[in-house]
Amino acid sequence: MPEWLQAGGWGLLAGLALVIGALVGYAVRLPQRVIASVMAFGAGVLMSAVSFELIDEAHERAGLAPTVAGAVTGAVLYTVCNILLARRGARHRKRSGGQQPSEQEQSGSGTAIALGAVLDGVPESVVIGASLLGGGAVSAVTVAAVFISNVPEGLSSAAGMRAAGRSKAYVFGLWSGIAVISGLSSLAGYALLGGAPAAVLAGIIALAGGAILTMVADTMIPEAFENAHLMTGLITLAGFLLAFAVSKAGG
């Protein structure tokens with residue numbers, strides 16, 4: 001199978017986890033503590049992937065300076081975009097309770113939430129495609145980490161959308177669209193970065209890592225902590241160690 005097709009396929013597969021999570025979150029009324037616990041686990045998985053798959057790889061490719069520059073740039077870009085979207089109603093897009101505004105409460109919030117979902121999903125999809133560069137196999141650890149973390153993201157967000165009165169068509173249309181965008185973003189990561197110098201590629205990988213880590217801190221940890229409380233740290237550690245073990249087993 002051509003590598004470009006593999007890149008798009010793996011990105012789409014990881015994105016489909018959002019649809020699976022959304023289906024569960026919208027159809028099943030899970031206790032808030034359960035949703036928060038799953039979110040904490042997903043946050044731990046992503047933090048491990050950022051540490052051992054993205055930041056570490058960027059450092060191995062080009063050293064400390066491009067890695068730090070890329071990570072800081074990614075964090076700043078994500079934060080700026082997130083602030084702009086938060087002002088338009090997307091601040092609580094991954095919250096499962098009644099925090100998300102309805103369209104009646106804040107006009108345009110549906111569009112802002114959709115754009116926020118794109119903002120959250122693109123960085124991790126790009127690095128899936130980029131991991132194929134150089135003729136190697138796709139990073140199974142990165143795909144697994146994104147897939148595992150996407151399930152609680154879709155679950156929690158869809159539960160919040162249901163609480164805000166959003167329709168099934170909106171919820172599943174949104175997450176299905178994000179899954180497709182994830183595939184396209186992975187394909188773009190492979191196609192656009194193929195001839196990039198090592199320092200540039202390292203910077204892009206680190207940029208994605210910085211953006212993902214900032215996303216975890218801004219949108220996943222708050223949902224996990226509010227309802228899981230003092231168990232959040234232990235559950236997050238479990239996700240972190242699982243992804244770490246998979247990373248070492250795959251290395």
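**Note on helix packing and a pocket in a predicted model**

1. Helix α4 supplies five residues to the lining of the second largest pocket, the largest share of that lining.

2. Two or more lining residues come from each of α3 (64–90), α4 and α7 (198–228). By class, 12 of the lining residues are nonpolar and one is polar, with no charged residues.

3. Helix α4 (residues 109–130) also packs against helix α6 (residues 168–192): the axes come within 7 Å and cross at roughly 30°. The crossing of α4 and α6 is right-handed. On the α4 side, the residues in contact include Gly110, Ile113, Ala114, Ala117 and Val118, followed along the helix by Val122, Ser125, Val126, Ile128, Gly129 and Ala130. The contact of α4 with α6 divides into 14 nonpolar and seven polar residues, and no charged residues take part.

4. How are α2 and α5 oriented relative to each other? Helix α2 (residues 32–62) and helix α5 (residues 140–163) pack with their axes 8 Å apart, at an angle of about 150°. Angles over 145 degrees count as roughly antiparallel, and α2 and α5 are therefore roughly antiparallel to each other. Their crossing is left-handed.

5. In the contact of α2 with α5, α2 contributes Ile35, Val38, Met39, Phe41, Gly42, Val45, Leu46, Ala49 and Glu53. These meet Val141, Thr142, Ala145, Ile148, Ser149, Pro152, Glu153, Leu155, Ser156 and Ala159 of α5. The class counts for this contact are 13 nonpolar, four polar and two charged residues. Glu53 in α2 and Glu153 in α5 are both among the contact residues.

6. Helix α5 has a further partner in helix α1 (residues 3–27), with axes that come within 6 Å and cross at roughly 35°. The crossing of α1 and α5 is right-handed. By class, the contact of α1 with α5 has 17 nonpolar, five polar and two charged residues.

Key:
Residues numbered from 1 in each chain as written. Predicted model: local features only at pLDDT ≥ 70, side-chain atom pairs only at ≥ 80, totals over all residues. Heavy atoms only, no water. Axes fitted to C-alpha atoms, helices over the stretch in contact; angles between N-to-C directions. Helix = DSSP H or I, 4+ residues; strand = E, 2+ residues; numbered from the N terminus. Left-handed = near helix turned anticlockwise from the far one by under 90°. Contact = heavy atoms within 4.5 Å. Nonpolar A, V, L, I, M, F, W, Y, C, P; charged D, E, K, R; others polar. Parallel < 35°, antiparallel > 145°, perpendicular 65-115°, else oblique.
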